[in-house]
Amino acid sequence: MSSSSMPAKTTRVFAALGLGVAAATFGAATPAAAQAAPVAAHAGHAGYTGSAKEAANNNAFFDAVMKSVAEKQAANPGLRSVTVTYNPSAAPSFRSQISSSTSIWNSSVSNVRLASTSGTGNFSYREGNDSRGSFASTDGHGRGYVFLDYAQNQQYDSVRVTAHETGHVLGLPDHYSGPCSELMSGGGPGTSCTNRYPNAAERSRVNQLWANGLAKALSKVNQDR
């Protein structure tokens, strides 16, 4: 999904993630474009402290994705598994990180799965330079994208950045005051934190959201049909 296809009134979630660059230890190289990007511009993201607006935007992104998935489930009642699809084609430099993030989430939760598609998914990934860092954006109608900023992914662990942003897609809010063991603590623990995995509470919350939340969304979609 290209940026030109997004409405002008796009809700943006600015979720800065804190991790030391450990792509080498994970086996995924930092994008070449990121190596030339200025890191200093990302040293003080306001998003690190969080805000009520960010929290509202995170909820909007999750609600849009769940609505899109519920509509798909309603149109295909025979589907046995809940799958959220994404298109990674607009973020080729982060192909490895996106794949790793998907594997992490799919091995961590059981009530929802992420799957790549070459078509129009429930969301997509994009890459580029943005002084606000990485964020998730939605139009509120089941379409949106995760933007991965070059400089931020050079300064922080790139897989953690991607997995954190994807956590918003699955319904998790930021918790910057949390420890490194919390994926959604993002940039709070500092650049030395390289944890890429959601903890037990985060895994449980995602499973709960996609079991109970999707049931409610599906019921509403069926009522509106």
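Which residues have the most contacts inside the largest nonpolar core? Here are a few notes on that and on the rest of this predicted model, for you to follow along with the structure.

1. **The core.** The residues with the most contacts inside the largest nonpolar core are Val84, Trp105, Val112, Phe123, Tyr125, Val206 and Trp210. The core as a whole has 37 residues. Two or more of them come from each of helix H3 (52-75), strand S2 (83-90), helix H4 (95-108), strand S4 (123-128), strand S6 (144-149), H6 and H7. H3 is the element that gives the most, with 7 residues.

2. Leaving out residues up to four places away in sequence, Phe123 touches Phe61, Val84, Thr85, Tyr86, Asn87, Leu114, Gly144, Val146 and Val169.

3. **The overall layout.** The chain has 7 helices and 6 strands. Read from the N terminus, their order is β-α-α-α-β-α-β-β-β-β-α-α-α. Among contacts with a separation of 6 or more, 72% join residues 24 or more positions apart.

4. Buried residues make up 53% of the 225 in the chain. The chain exposes about 9600 Å², and 51% of that area is supplied by carbon and sulfur atoms.

5. **The salt bridge between Arg196 and Asp157.** How many salt bridges does a search of the whole structure find? The count is 2, and one of them joins the side chains of Arg196 and Asp157, at 2.8 Å from N to O. This pair links distant parts of the chain, 39 residues apart: Arg196 sits in the loop between helix H6 (158-169) and helix H7 (200-224), while Asp157 is in the loop between helix H5 (150-155) and H6. Both partners are buried.

6. **More on Asp157.** Asp157 counts as buried because its relative accessibility is 0%, where the cut-off is under 20%. The side chain of Asp157 also has a polar atom 2.9 Å from the backbone nitrogen of Arg160.

7. **The salt bridge between Asp130 and Arg132.** Here the closest N and O atoms are 2.8 Å apart.

Methods
Residues numbered from 1 in each chain as written. Predicted model: local features only at pLDDT ≥ 70, side-chain atom pairs only at ≥ 80, totals over all residues. Heavy atoms only, no water. Salt bridge = Lys/Arg side-chain N within 4 Å of Asp/Glu carboxyl O. Helix = DSSP H or I, 4+ residues; strand = E, 2+ residues; numbered from the N terminus. Buried < 20%, exposed > 50% of the residue type's maximum accessible area, 1.4 Å probe, protein only. Polar contact = N/O pair within 3.5 Å; in protein donor to acceptor, adjacent residues only side chain to side chain. Core = buried A, V, L, I, M, F, W, Y, C linked by side-chain atoms within 4.5 Å. Contact = heavy atoms within 4.5 Å. Areas by Shrake-Rupley, 256 points an atom, 1.4 Å probe, with all protein chains shown as cover.
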